[in-house]
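This report looks at a protein chain and at how some of its side chains sit against each other. Please view the sequence and the structure before reading on.

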Amino acid sequence: MNIIDDLMWRGAINQMTDEEGLRQLTQEKAVSLYCGVDPTGDSMHIGHLIPFMILRRFQLAGHRPVIVIGGATGSIGDPSGRTSERVLQTKEQVQHNVEKLTAQMKRLFLTSQEDQEAVRLVNNYDWTKELSLLDFLRDYGKHFNLNTMLAKDVVASRLEVGISFTEFSYQILQSIDFLQLFRKEDVQVQIGGADQWGNITAGLELIRKVEGAEARAYGLTIPLMLKSDGTKFGKSAGGAVWLDSEKTTPYEFYQFWLNQDDRDVIKYIKYFTFLEKEEIEALEVSVQEEPHKRQAQKRLAEEVTRFVHGEAALQDALKITNALFTGDVQQLNADEIEQGFKNMPTFESEKVEQNLATWLVDLGIEPSRRQSREDIQNGAISINGEKITDLEHVWAPEQSFEGRFVLVRRGKKKYFLVKLK
């Protein structure tokens, strides 16, 4: 199947500048293409990942991806998708974010010798840092018509509230990227989100004005990702779902995918996994005929967690998930407890022996001594997976996970994490 046909089947194409020309180009040869990300933060979230998964698909189809980290464009801010001006970051913060995103991209897309030979990772600051203001205006600014720039959706939507010259110039900087890569890396295709259409077409216009109308360059955007209820994809109850394991743990990451709605799961499998069409269609049947098994959600969660965090982190997430489902938390270590119960109600305790009933009240887990004793007597209290029914039971610091945590369960599902000082 041609890569364009595959992307269409996956619902992964929003717009193309020339479908026939792009289809022919991808059939003729191995094409170089690029996608970029600006260092507005020190980690990507799952929304950022979508166009890069498309880039990866092109690689698997035999094409040559180029990943651009926007050290230059990130310094001025993309107005796309915004109703007000960005607060500019310091140069030091931009550089810090560049380093973090570069390391993240290497972990995701440069894991093998084959990847390192096929994928180029570049920073657009490298070809803009020596560009003078006069050269910028003479060599590039002269090719941009003000009326055309004002008509771009991203600019037109901001005219009422105002847009600075800095953000207004963003499309010129991104166009310079496309021209630079076209000349130096033989890049003929740019991929981006739906909100990047104006920036991509501006780059194509610059290439044709500078290199000639016959220059073969193309743009492709992906659809805006929405959930079946119409809300924006990529958010959990705790906020954005990050690719950095320090911001979103592998367990939380796995759970995000595992909890997807039946109406959305096949769409996400098409976008975020590299499963073959036949397997995806079989999972689609499973969703329709035996949704209670949640086979598609499990497959999605496993595939994406493995891709982003690796096999070991996936196994940790599965272990924590199983422990919580069965209640057998004793098999977990302290790091797994911290990861799995990160968002549970959390309390702090001194490492001092105390009567359990009193200790639970002092922590705030139980509202009163009477209720505490009643719950213990009824077998509703478990400490680190062990049910306690002795009203005289003395809690000791040794009853903890590596001297760091105590896990209290009240009833069947109510967990509390106690951190030991």
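## Charges over rings

Lys 247 lies over the face of Trp 242, at 5.3 Å from the ring centre. A charge sits over a ring if NZ of Lys or CZ of Arg is within 6 Å of the ring centre and within 35 degrees of the ring normal. Lys 270 has its charged end over the ring of Trp 9, 4.6 Å from the centre of that ring.

## About the model

The model is predicted: local features need pLDDT of at least 70, side-chain atom pairs count only at pLDDT 80 or more, and totals for chains, interfaces and linings use all residues. Residues are numbered from 1 along each chain as its sequence is written, and side-chain values use heavy atoms, with hydrogens and water left out.

## Aromatic pairs

Searching the whole structure gives 13 aromatic pairs. Rings of Phe, Tyr and Trp (its six-membered ring) pair if their centres lie within 6.5 Å; planes under 30 degrees apart count as stacked, over 60 as edge-to-face and the rest as tilted. The pair of Phe 52 and Phe 109 is tilted, because the ring centres are 6.2 Å apart and the planes are at 40 degrees. Phe 52 lies in helix H3 (residues 46-60) and Phe 109 in helix H5 (residues 91-109), so this pair ties together parts that are 57 residues apart in sequence. Helices (H or I, at least four residues) and strands (E, at least two) are DSSP runs, numbered from the N terminus. Phe 52 and Phe 109 are both buried. Buried means under 20% relative accessible area, exposed over 50%, and partly exposed in between (1.4 Å probe, protein chains only).

Phe 256 and Trp 257 make an edge-to-face pair, because their ring centres are 5.1 Å apart and their planes are at 85 degrees. Both of these residues, Phe 256 and Trp 257, are buried. They belong to one aromatic cluster, formed by Phe 253, Phe 256, Trp 257, Tyr 268, Tyr 271 and Phe 272.

## The listed binding site

In an unreviewed entry, UniProt lists Tyr 34, Tyr 170 and Gln 174 for "binding site". UniProt positions are given in the numbering used here, feature names are shortened, and annotations may be inferred rather than shown by experiment.

Where is Tyr 170 placed? Tyr 170 is in helix H11 (residues 170-184), and Gln 174 lies in helix H11. Tyr 170 is buried, with a relative accessible area of 3%. Gln 174 counts as buried because its relative accessibility is 6%.

Contact means heavy atoms within 4.5 Å. Leaving aside neighbours within four places in sequence, Tyr 170 is in contact with residues including Asp 38, Thr 73, Asp 78 and Asn 199. On the same terms, leaving aside neighbours within four places in sequence, Gln 174 is in contact with Tyr 34, Thr 73, Gln 190, Gln 196, Asn 199 and Ile 200.

## Positive phi values

Arg 294 has a phi near 50 degrees, a positive value in a residue other than glycine. This residue is in the loop between helix H15 (277-289) and helix H16 (295-309). Arg 294 counts as partly exposed because its relative accessibility is 27%.

Glu 402 has a phi near 55 degrees, again a positive value in a residue other than glycine. The loop that holds Glu 402 runs between strand S13 (394-395) and strand S14 (405-410). Glu 402 counts as exposed, at 57% relative accessibility.

## The listed domain

UniProt, in an unreviewed entry, lists residues 354-416 for "domain: RNA-binding S4". Over residues 354-416 the chain is 27% helix and 29% strand. The end C-alpha atoms of this stretch are 17 Å apart.
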